[in-house]
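Reader: I would like to learn how to read sheets and helices in a model. Please give the general idea each time, then the case at hand.

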Amino acid sequence: MEGLLAQFRNLEEVLKRKIKKEPVYYVPNPGNWGDGLIREGTLKFFRDINLEYRVILPSRRNWSDWLLPSVQGGTVIYGGGGGWCKNHGNAAKYVNYFRKRFNVIVLPSSYQFSYSYPNTFFFCRDIFESKQNMPESIFCHDMAFYLGDIRMEEGSGTGYFFRWDKESSGKIDIPKNNIDLSSHGNYLSEGITFLQEISGYSVIHTDRLHVAIASCLLGLELHFYPGSYFKNYAVYQSSMQDYFDNVTFHTEYLEKRIPEENMAF
């Protein structure tokens, strides 16, 4: 984990340099239970760097009501995740709204497209396609990795945690005993329950990024598969293959990727 932590120290330096003494608002990216693991890693990081902030959660009525009209100025830290892709692309809308009244820092995310907004600074969570699409962004590992090594009672058997939604590659024969765990909660759900569900097994097969990250942190044997776009393999190459043992990425399911000589390191 020490190698992973070096990137988070760089993230701390950039945040403190950009925020200075301004008010800070943290807006977690609304999503599934995997986004909940991102949120918990982010809050742990904020505690460790002694960052003072206010959490802003979505309004049940309208996402544009997230911030009161009287609140203006300071920095919005928008949570990282996969909200910048074709299938789940609301993050761009939210950040474009916030940047009109605040400086915005987007925590490590995957970017299927290129974005450029005034008053907005981006971190990416892979050094491949996301970095190519957002060359001005700075790399840092997904915030869920900041939870660090986690030890729970050792489980047994094989768990299958494949996704059923439109981000599935559609190329994997999903077993009948599959559990799409990430869809069973949301970004406010407790991470401990998520981890307990996964730790009940010793071997994990998944195409869910945060099931895979949780498996790494728990020290389980992981078989990781691609989804509908580059996200999984790019994060695997950037944050798993050089840091965790017992991780196999099943490249036989990959689509054609960009030439290696064009990768951004």
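This is a predicted model: local features need pLDDT of at least 70, side-chain atom pairs count only at pLDDT 80 or more; totals for chains, interfaces and linings use all residues.

Author: Residues are numbered from 1 along each chain as its sequence is written, and side-chain values use heavy atoms, with hydrogens and water left out.

Reader: What is the strand order in the open sheet of six strands?

Author: Helices (H or I, at least four residues) and strands (E, at least two) are DSSP runs, numbered from the N terminus. Two strands pair if DSSP finds at least two bridges between them. Here the order is 2-1-3-4-5-6, with parallel pairing. Strand 2 (54-55) and strand 6 (138-139) each have a single partner strand, so one side of each lacks a neighbour in the sheet. Two bridges link strand 1 (residues 24-27) with strand 2 in parallel, and Y25 has R54 as its bridge partner in strand 2.

Reader: Which strands does helix 3 lie across?

Author: Axes are lines fitted to C-alpha atoms, for helices over the stretch in contact (heavy atoms within 4.5 Å). Angles run from 0 to 180 degrees between N-to-C directions. Helix 3 (residues 90-98) lies across strand 1, strand 3, strand 4 and strand 5 (120-124), at about 170 degrees to strand 3.

Reader: Which residues of helix 3 are buried?

Author: Buried means under 20% relative accessible area, exposed over 50%, and partly exposed in between, with a 1.4 Å probe and protein chains only. An α-helix has 3.6 residues a turn, so residues three or four places apart point the same way. In helix 3, the buried residues are A91, A92, Y94, V95 and F98. Seen down the helix 3 axis, they fall within an arc of 165 degrees (taken from the directions from the axis to the C-beta atoms), so they line one face. These buried residues pack against strand 1, strand 3, strand 4 and strand 5.

Reader: Through which helix does the chain cross from strand 7 to strand 8?

Author: A crossover is right-handed if, with the strands pointing away from the viewer, the path from the first strand over the helix to the second runs clockwise. Strand 7 (residues 158-161) and strand 8 run parallel, joined by four bridges. The chain passes between them through helix 5 (residues 191-199), and this β-α-β crossover is right-handed.

Reader: Are the faces of strand 8 covered or open?

Author: Both faces of strand 8 (residues 203-206) are covered, with V203 and H205 buried on one side and I204 and T206 buried on the other.
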